[in-house]
Every structure is written in structure tokens, then in C-alpha cells.
Number of protein chains: 2
Amino acid sequence: MPITGRADPVSQRTANLAALLRALRSGPLSRTQLAARCGVNKATVSSLVTELSGRGLVRPAGMLTGVSGRPSQLVELRGESAYGLALGIEADRFSALATDLAGRVVAERTAAADVVTLGLHRGMDELAELAHDLLAGMEAPPAGVTVSVPGLVDSAGALLRFAPTLRWRDAEIADLLAARLGLPLAAIAVDNEANLGALAEAHARPGVSDLFYLSGGIGIGGGLVCGGLLQRGARGFAGEVGHVTVDPQGEHCPCGRLGCLETKAGLPAVLRAAAPAEDRLHDPALGVDGRARLLRERVRQNDQRAVAAVHELGVALGVALSTVVDVLDPDVIVLGGYLAELGDWLIEPVRLELGARTLANHARCRVEASSLGTTAGLRGAAHQAIERLFTDPTLSPLTEEAQA
Amino acid sequence: MPITGRADPVSQRTANLAALLRALRSGPLSRTQLAARCGVNKATVSSLVTELSGRGLVRPAGMLTGVSGRPSQLVELRGESAYGLALGIEADRFSALATDLAGRVVAERTAAADVVTLGLHRGMDELAELAHDLLAGMEAPPAGVTVSVPGLVDSAGALLRFAPTLRWRDAEIADLLAARLGLPLAAIAVDNEANLGALAEAHARPGVSDLFYLSGGIGIGGGLVCGGLLQRGARGFAGEVGHVTVDPQGEHCPCGRLGCLETKAGLPAVLRAAAPAEDRLHDPALGVDGRARLLRERVRQNDQRAVAAVHELGVALGVALSTVVDVLDPDVIVLGGYLAELGDWLIEPVRLELGARTLANHARCRVEASSLGTTAGLRGAAHQAIERLFTDPTLSPLTEEAQA
């Protein structure tokens, strides 16, 4: 299945094909049900289903026997017929994840790496190698690729403007990967890890339309879903709450100001508060996940310094999130990244601060720890990558048989 | 034109009628142009245009002579064929405004009132009287009514939960007005003044899709448009930034906390900073507008105490808005309500605070004074009221002639 690099607006027929494909996400449907769901007449549905079938995306799925009339043929997604590829860049590792049309994980790879030392070009070589390794086991190229990055991405979704933890500026990630993977540029999107994490968390909560996702790592990022849609803001920087002031008399932040959320809630700051400088807790070789798990163990064993550090973290998060709640009134705030590991001890102080600092009605906002942890960005990226096919099913070519 | 109280989902044909009507907002179009814009075939467009014409909503508008082929008949909105009614409730006055299909103001009324003393039921009597006075001059009932209120409205848009400046709680405004105006309940919506102001400001800036509107009055409200849509949040409270902490060591706020934005930016607080207690500046008889204009005069005449008070106001706004910018990354922040009067002296300190407190890239966010001032909420309400017809044109009945 070759990837085509189309950019022109989709036609009405393509939009109808996409509507049918999306409707089938919730399970098998008959042609009559599809016609009703998609607002298209039944003759058109039959022709659209024939095309989707020719493109290998759907197949027959038994009969529906209704309360009246003849039994009708059901159609379902051919989940395994296509997949999206997610690539992840973090300061200490590269990741690759493929999910199929039904959202199932079909392949996964991770490689530890010192990305700052590697720099952009050698880093892209290593990421491409990881991706090649995964793609070698697949029968066809991916329907789309989305790269999750810990930094600010321009709104066109191709250029990483600034990633402080990687020390990369204006990195043309999509171009560099397109060349290395032999894929068209249009098939590769780059997006902020916290935005993608917000998408993944919203996707995991079907009834929720307003959500704020806070991503904890070396830095602090955030992403917002309002009215069911990911909001990127005018320049793609929405959700960047790492430099909200939580303590006007606080520590200096590398950004030049005092008491930013990151000076209290970035993983290094929390670890400094939790243990002396020579402690194993600060070992970068453990990675973000490893250090967070070790901190969690200390808290669980009631290490007083660790307990106090995590409580103080919860208060700082609550101070910053109280304004987020005032501005957005979300259904849910999700604590993600390394914060998810500490959820059991963070949710209470965050809720107390929200209760003390926001209008009474706002206190009803739920606060939850992410169940996806540090993989939320990658899961969101996989979701975005396969979404490309749900927007334009003609990216999946007609089989020769169907064309004949 | 009787209002019908329909609530059932609109059919495909109704959706197509609505799409045509909305397409005509930008100016006259031919049937071929309408077909292309709306993704509907030309035969269907002809039938839809006939129906819209039968409902009195469109009319012929001359011929279009293209580069090739025969000249084609243009169709345009019949702007004067329908109107929406906006009603405004503020602590010191009631207002009514009617705008037609083309957004032109066709009638306007204001009445000073001490709404707190009147209470809910007598207040609704007076508002209904003002509305009756305006409606008496119109040939038909309105296509829809939207009431702008300075308080929190539940997401269904009928119940005013809490309006601190009016001292109303759980006020069933839509029900009370429906009975007094003899209109169906479904035709009357109630919405927050700042949300409606945000809509009006976004409507006045066609290229802008991410906007934050700050509404200054006795209290401080806010509304947000993200991705081109008004965002109300999970419970309808999005944008409520009046109680964001701007000075942790600041004055007590009636809400029970210290240093909320309202303690620095609510009109009474600014006036107290600007002049001694016995000064004419505090005369409630001047209304919000009158006191803001008097303050503006003082600043213009370089009254040092007034100048300092307005500068301090700008700093407090900048502190609160810096978090809004971090969370939302808007194209524009609009200073509305009484703040608009002081725009010339507020924009600079707000911009300086934003520059000092947000990531460098965020400093590109524009800060503008509203040109609608304290009427933004009412203008937004009128826009929402007529919008009802652009969502369901069948609310405008077929003329007897067209039915025959």
C-alpha cells in the first residue's frame, strides 16, 4: 500500500467514504444503518461500501436480523488492513509504535539514547533505524506517521521550533525523516507530546469533551481539548503552563523569571526536594520513568523527605491548575507523564488547592492520574497517524482486482 | 411570522437550507456558486432556493455575467425579512436591541433601573415592558431571543445560576420572559454577558479563530473563542477569571480569598484607588459607563492619582492575562466593558506584563480595546438570536402564496 502525498481538499465522495469508515469504528453496521447514520441515501451507501471493500478497508460481517423485513448484511472495519506509525523523541529515548485501523497495538520498539549528545542529524539517523526495524516486520508502508516531540511545534505541523530538553531549535523533523524513511513529506506530521497526550486521554474518555492534560517530565507541558477538539491556539502554543508563576518569591527559572511551575514541578526540582544530591534518585541512567518509580517507592515506604516533596509538588500543581480551571472549566484534569506514577499522593493536595482557589462550582472538576503514563504522547501520535486514513480513505489504494 | 418551538434534530434538507442561507451572508451568489460552496447538486440548489424564497428569506439580485456561458441569476439575503431580539440585564439598566438577517440594528431601547432593589420578578416585568415597547414597532415576532446576563448560566442555556451583582440565584429567566412576552420557551436563550461579548468580538474579526474577551464591570468576566467556536467549558463556567489570584498578599475578596483579580480590576476597586471616598467618581447614578468616562477624563487631564490607579489596573490585568495566554495562546485579547474606555492607557502596561511573564513567542498576542464597549454582550446576544434562523430556516414559515 504505497503512501500518496495528496494535499488537495477532499471531494464530497471522499468525505462520504470517510464518514462511513468513521461510523464503523463503533462496530459492524448494515447498509441501512450506515445510510441513516451518515445522512446518505442507500444506493450511494452501497456504492461507497463497494469502494471501501475494494480498498481493503471493510469486509462482510454476518447478517443482522431485524424486527421486521429481510435479514441484512453487516459490514465491519478490516482492522488489520492498515496501520499508523507513531514515533517518539524524548531526552533519553526513542520509541516507535504501530496501531491498526481498530486502534490495536501491532508493533512496538524502544531504544535508550542520549539525544542531547547525539544532536539533530545523528538523532534522526537513530530514530529512522528504529522505525526501519519496526517497518521491516510489516507488509506495507504506514497510512501515516506522527512524531511526538517535547517542544513547541509550528501550526503547520512540520517544524519543531524549540525543544529546551533536547536543545533543538527550528528542527525540520518531518523533512529529515521523510528522506530517511523514503516516505512522502505529506504523510509525516510532527506534534507536541502534551497535545498528543491530551488527544489520547480524551480518546480514552468518550463522554468527556473538555479536558486539560498536564504532562510532567524534565519540563512541564500541557494540552487542552475543548468542545471535543484539540486546541492548539493561534501559534500552536496552547497549554504551555510550565512557566505560569506559582511562587512570586520562588527560585530562578532558566526562562529568566521567578517561581515558574517548572521550578517546583519539573522532575529534577522534585527530586532535589526529595533527596540529597548524592542520592541514587538523581541517577539520569534510570530515565524519567525509573526515577519517578523510585520516588514512588520512597513515598510508599513513608520516607518523610520524599513525602514532603511530593506534597509540595501537589500544592504547586494545584496553584497553577486553579487558573486553568477558571479559564477552561474542564470536566477532567489528567496528571500525566511522571506525575501519573505519583497520582495516589498528588490528587488530594491538587483537589484541596482547587477547592480553596476556584469558584465553588469549579471544585467539581475531576482530577485523575493518567493510566497511559509516559506513553500518552506516543499513543496519541498513533491515533493521529491512523486518523489520516479516516479523513481520506482513498489514501488506501484500490486493489487490482477491484479496479478490474 | 409565528415562532415555532421545535426541538427535534434538523433534517438533511433543513441542514442544506441552512448551509445556503449562511453562504449568502458574504454577499449575493448564483445557483452554480451556491452548489459549489455547499457541496449540493444544482437541481437541489434550485429547489432549496425556491423554498427559501417562499419563506421570504432570499430574493433575486441581478445577473452575474461570467467569463464563459450564459449570464446567471444571483440570489441574495432579504436582510429585513426577519430579526433577532437581544435583551440585556445589568445591575443598573435593561436594554433591548433588534438586528435583522444582515446584522443591521433595526431597533434599540434602554431603561435605567435599580435591578437589585427590583428583584427578579419585578425586574422581569420591567424588562418585558421594554421588550414589548420595541416589539410594538415590528411587523412580526422575532426569530429568536437571547438574554445577556452578568452571571453563570447552566449549559442548557435557560437558568441563571448565580449573578453576584444582581444578587439573583437560580433565576428561571427564560420561563419568566416566555410567559410575559407570549413567546415559546424554546425561542428564548439565556447566556453569560462575557461569552456573548466574546462572540461579538470574534464576529467583528473574521480572520481570528482564537480570542479571549475580558469584560470589565462591577465584577470581571471573560469569554473564550478557540478554534473559531465559543467555548463554555464542562459546566458553562469557562472564562471566569475574576477570581484568579493576582496578589497573594492582597485585599480580601467577597469570595473569601485574597488578592483576586476583581479586588484590583472591578470598577469599584479602581475608582477607590483613583479618588477619595467623597469624590463624584463614585456616584452610582452615573452608571458603569458614566463613571468610566469620568475616570478617562481625569486620566486625560493627567490627574496623578487617576493615572496611577489605571496603570496599576493595567499591571493587574497583565498578571492575570499572562496565564490566560499560556493556557490558550490566543491571537487577540480584547479588553471590554468599562476597560474599553481606558484602552489607551491599559494596553501598554498589559503588553509589558505579558512580555515579562509569558514565553517569548507568546508576546506576539495582540491586545486591543473593544470598539463595542459595554454593548458587546448585547451585540453578541443579537447575533445569537438571529443565528437560530441560520441553523433552522424552516422557523420562518412558508408564505400562503408559496404554499399554494
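Predicted model: local features only at pLDDT ≥ 70, side-chain atom pairs only at ≥ 80, totals over all residues.
How many salt bridges does the rule count over all chains? The count comes to 44.

## Interface of chains A and B

On each side of the interface 39 residues take part: 39 of chain A are in contact with 39 of chain B. About 3,200 Å² is buried between the two chains, and carbon and sulfur atoms give 54% of that area.

Across this interface, 18 residue pairs are in polar contact, with both residues at pLDDT 80 or more. On the side of chain A that touches chain B, the elements giving two or more residues are strand S13 (220–226), helix H10 (304–328) and helix H11 (343–357). H10(A) gives the most, with five residues. By class, that side of chain A divides into 16 nonpolar, 13 polar and ten charged residues.

## Salt bridges

Side chains of opposite charge can pair when their charged atoms come close. Between chain A and chain B the count is two salt bridges. A salt bridge joins A:Arg235 to B:Asp329, with the closest N and O atoms 2.8 Å apart.

Within chain B, B:Arg13 and B:Glu51 form a salt bridge whose closest N and O atoms are 2.9 Å apart. B:Arg13 belongs to helix H1 (residues 12–23) of chain B and B:Glu51 to helix H3 (residues 42–54) of chain B, so this pair ties together parts that are 38 residues apart in sequence.

## Packing of H1 against H3 in chain A

In chain A, helix H1 (residues 12–23) packs against helix H3 (residues 42–54) at an angle of about 80°, and the axes are 10 Å apart. The two helices are therefore roughly perpendicular to each other.

H1(A) brings A:Arg13, A:Asn16, A:Leu17, A:Leu20 and A:Leu21 to this contact, where they meet A:Val45, A:Ser47, A:Leu48, A:Val49, A:Glu51 and A:Leu52 of H3(A). The contact has seven nonpolar, two polar and two charged residues.

## Packing of H1 against H12 in chain A

H1(A) also packs against helix H12 (residues 376–391) of chain A, here at an angle of about 125° and with the axes 7 Å apart. That angle makes H1(A) oblique to H12(A).

From H1(A), the contact is made by A:Thr14, A:Ala18, A:Leu21 and A:Arg22; from H12(A), by A:Glu387, A:Leu389, A:Phe390 and A:Thr391. By class, these are four nonpolar, two polar and two charged residues. A:Leu21 is among the residues of H1(A) that meet H3(A), and A:Leu21 is also one of those in contact with H12(A).

Key:
Residues numbered from 1 in each chain as written. Chains lettered and ligands numbered in written order. Heavy atoms only, no water. Axes fitted to C-alpha atoms, helices over the stretch in contact; angles between N-to-C directions. Helix = DSSP H or I, 4+ residues; strand = E, 2+ residues; numbered from the N terminus. Parallel < 35°, antiparallel > 145°, perpendicular 65-115°, else oblique. Contact = heavy atoms within 4.5 Å. Nonpolar A, V, L, I, M, F, W, Y, C, P; charged D, E, K, R; others polar. Buried area = accessible area lost by both parts, 1.4 Å probe. Salt bridge = Lys/Arg side-chain N within 4 Å of Asp/Glu carboxyl O. Polar contact = N/O pair within 3.5 Å; in protein donor to acceptor, adjacent residues only side chain to side chain.
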